[in-house]
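Please look over the sequence and the 3D structure shown below before reading on.

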Amino acid sequence: MALVTRVTDLIGRTPLFELAVTDSGTRLLLKLEQFNPTGAAKIRMARSMVDDAERRGLLRDGGHIIESTSGNTGLGLAVVAAERGYRFTAVVDNHACKDKLRAMKAMGTDLVFVADDGDDELATSAREDLAEAMAAARDDAYFTEQHNNDANAVGYYAVAEELLAEVERVDILLSAVGTGGSLFGTATRLRELGCVPKVIGVEPVGSIAFGGEGGPYWQSGTGTPPGATIGTAVDYSLLDEGVKVSDVDAFATARAVARTHGLLIGGSAGGSVHNALARLEEFPAGSTVVTIVCDGGEKYLDTVFDDDWMSARELLDPAAECEVTTLLRRYSPLRRHDELMEVR
């Protein structure tokens with residue numbers, strides 16, 4: 001590994017993990033973005049947004065970055081701000097995982113809450129309105145506005161380049177959609193490189209990006225809650241299919257992956273993996289299916305992986321976990337390898 005002098009030099013080149021393979025040779029690969037600094041994909045777009053603001057003269061030396069965040073974007077911006085000498089204010093709510101908030105604060109971030117202690121409802125619209133107003137009130141401030149910033153998607157172009165450096169092609173790109181940057185930025189660059197995958201977006205039940213009735217949900221950092229504006233990075237012209245996964249199924253999948261593979265993935269990634277596993281045999285034989293795992297599960301030990309927290313919100317479902325475990329074992333690449341060795 002090369003010697004580096006900045007944390008952001010460590011962004012990218014994250015590994016691919018083969019989670020599942022069918023008898024027809026269709027395989028599910030996970031792009032493990034938790035191996036980025038901050039343990040999440042969003043540091044890619046955080047750097048891209050700041051680079052873009054600097055190029056356009058919107059952010060000057062000693063300036064003030066302001067963003068509404070549920071955690072991972074804020075963590076990325078905290079790193080970039082610390083490196084480049086900017087002040088950073090994150091507008092947050094109590095829906096965000098506590099470890100994300102603690103980590104931002106440890107890196108010098110000013111946290112501004114839009115909700116009182118004990119109120120853990122998702123407050124995306126209130127956060128964004130306050131962040132915009134705070135930035136407008138200061139001459140030296142820049143609101144990165146991740147949901148409507150073209151540099152968001154550009155930050156994920158490198159994901160496509162990294163994928164094609166490892167696999168011949170990507171047939172199906174199936175991932176969670178929050179701002180839309182990771183899925184559609186990756187899909188855009190894949191197309192530019194001559195690879196045109198089927199693009200499947202996944203959002204929580206209760207999110208409104210793919211239509212349907214809105215409502216509350218617990219998957220963090222993904223989806224578009226009722227009342228929030230769908231971000232400009234959500235490129236419907238690239239979307240072949242939009243699906244919804246419940247909190248119960250998403251979290252059951254994250255917990256099952258942890259117990260069968262020793263791999264901690266976040267709840268939103270659990271939603272994508274659940275959908276991929278459930279339909280893996282429906283895809284054409286020999287397909288390469290890729291899911292971008294936007295963050296790891298270490299930040300959710302007090303929530304998704306905590307039985308008491310899950311039970312209190314009626315999210316704990318051992319039967320659902322058992323169903324996912326069955327699929328993981330059926331499609332285990334190690335089992336398939338052992339069977340092939342026995343035949344030989």
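A residue counts as buried under 20% relative accessible area, as exposed over 50% and as partly exposed in between, with a 1.4 Å probe and protein chains only. This is a predicted model, in which local features need pLDDT of at least 70 and side-chain atom pairs count only at pLDDT 80 or more, while totals for chains, interfaces and linings use all residues. Residues are numbered from 1 along each chain as its sequence is written, and side-chain values use heavy atoms, with hydrogens and water left out.

**The aromatic pair**

- The structure holds one aromatic pair, where rings of Phe, Tyr and Trp (its six-membered ring) pair if their centres lie within 6.5 Å.
- Trp218 lies in the loop between strand S8 (198-204) and strand S9 (241-245), and Trp309 in helix H10 (residues 307-312), so that the pair links parts of the chain 91 residues apart; helices (H or I, at least four residues) and strands (E, at least two) are DSSP runs, numbered from the N terminus.
- Trp218 is partly exposed because its relative accessibility is 23%, whereas Trp309, with 14%, is buried.

**Helices H6 and H7**

- The axes of helix H6 (residues 157-166) and helix H7 (residues 181-192) come within 7 Å and cross at roughly 55 degrees, where axes are lines fitted to C-alpha atoms, for helices over the stretch in contact, and angles run from 0 to 180 degrees between N-to-C directions.
- H6 and H7 are therefore oblique to each other, since angles under 35 degrees count as roughly parallel, over 145 as roughly antiparallel, 65 to 115 as roughly perpendicular and the rest as oblique.

**Helices H8 and H11**

- The axes of helix H8 (residues 247-261) and helix H11 (residues 318-330) come within 8 Å and cross at roughly 50 degrees, which makes H8 oblique to H11.
- The contact includes Val248 and Ala252 of H8 as well as Val324 and Leu328 of H11.

**Thr179**

- Thr179 is found in the loop between strand S7 (172-176) and H7, and with a relative accessible area of 5% Thr179 is buried.
- Not counting residues up to four places away in sequence, Thr179 touches Lys42, Gln146, His147, Asn152, Ala233 and Val234.

How values were computed: Contact = heavy atoms within 4.5 Å. Phe/Tyr/Trp six-rings, centres within 6.5 Å; stacked < 30°, edge-to-face > 60°.
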